[in-house]
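Dear colleague,

Please find the structure below, handed over for your reading.

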Amino acid sequence: APEKPSPTKEEISETRRQLYIAEKDPITCQIQALRDEEQTEEIMAQIESLKEERARVVEKIKAENPYPQEAEAQNPE
């Protein structure tokens, strides 16, 4: 079977955009909603936890969908 061509930068960008909408944006909405609440220690801790989770989600999306030059840097031949 012929090898599937690597996705283009534009295709990767669109994939990342869709994943950010599906996975990152809901976390951002939770953070925004919590910021509307009274800022108790518990609420502030929840916000910090969600910000850390959001950063992990972004890193995962980037790692799983590298742009062509990023893929080459990660896998030098």
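The expected span of a helix is taken as 1.5 Å times one less than its number of residues. Helices are DSSP runs of H or I with at least four residues, strands are runs of E with at least two, and both are numbered from the N terminus. On that basis the 24 residues of α2 should span 34 Å, and the end C-alpha atoms of α2 are 35 Å apart, which agrees.

This is a predicted model, in which local features need pLDDT of at least 70 and side-chain atom pairs count only at pLDDT 80 or more, while totals for chains, interfaces and linings use all residues. Residues are numbered from 1 along each chain as its sequence is written, and side-chain values use heavy atoms, with hydrogens and water left out.

Overall arrangement

The chain holds 3 helices and 0 strands, in the order α-α-α along the sequence. Of its 77 residues, 19% are buried; buried means under 20% relative accessible area, exposed means over 50%, and partly exposed lies in between, with a 1.4 Å probe and protein chains only. Among contacts (heavy atoms within 4.5 Å) with a separation of 6 or more, 66% join residues 24 or more positions apart.

The pairing of α1 and α2

How do the axes of α1 and α2 cross? Helix α1 covers residues 9-35 and helix α2 covers residues 41-64; their axes come within 9 Å and cross at roughly 170°. That makes α1 roughly antiparallel to α2. Here the axes are lines fitted to C-alpha atoms, for helices over the stretch in contact, and angles run from 0 to 180 degrees between N-to-C directions. Angles under 35 degrees count as roughly parallel, over 145 as roughly antiparallel, 65 to 115 as roughly perpendicular, and the rest as oblique.

The residues of α1 that meet α2 include Arg16, Leu19, Tyr20 and Glu23, and those on the α2 side include Ile43, Gln46, Ile47 and Leu50. By class, this contact has 11 nonpolar, 3 polar and 9 charged residues. Ala, Val, Leu, Ile, Met, Phe, Trp, Tyr, Cys and Pro count as nonpolar, Asp, Glu, Lys and Arg as charged, and the others, Gly among them, as polar.

The nonpolar core

A nonpolar core is a set of buried Ala, Val, Leu, Ile, Met, Phe, Trp, Tyr and Cys residues joined through side-chain atoms within 4.5 Å. The largest one has 10 residues: Tyr20, Ile27, Ile31, Leu34, Ile43, Ile47, Leu50, Val57, Val58 and Ile61. The elements giving two or more residues to this core are α1 and α2, and α2 supplies the largest share, 6 residues. The buried residues of α2 are Ile43, Ile47, Leu50, Val57, Val58 and Ile61, and they pack against α1. An α-helix has 3.6 residues a turn, so residues three or four places apart point the same way.

Individual residues

Setting aside neighbours within four places in sequence, Ile31 is in contact with Ile47, Leu50, Lys51 and Arg54. Arg54, in helix α2, counts as partly exposed because its relative accessibility is 23%. Beyond four places in sequence, Arg54 touches Lys24, Ile27, Thr28 and Ile31. Pro26 lies in helix α1 and, at 39% relative accessibility, is partly exposed.

Is Asn65 buried or exposed? Asn65 is buried, with a relative accessible area of 16%. This residue sits in the loop between α2 and α3 (68-74). Leaving aside neighbours within four places in sequence, Asn65 is in contact with Ile12, Thr15, Arg16 and Leu19.

With kind regards
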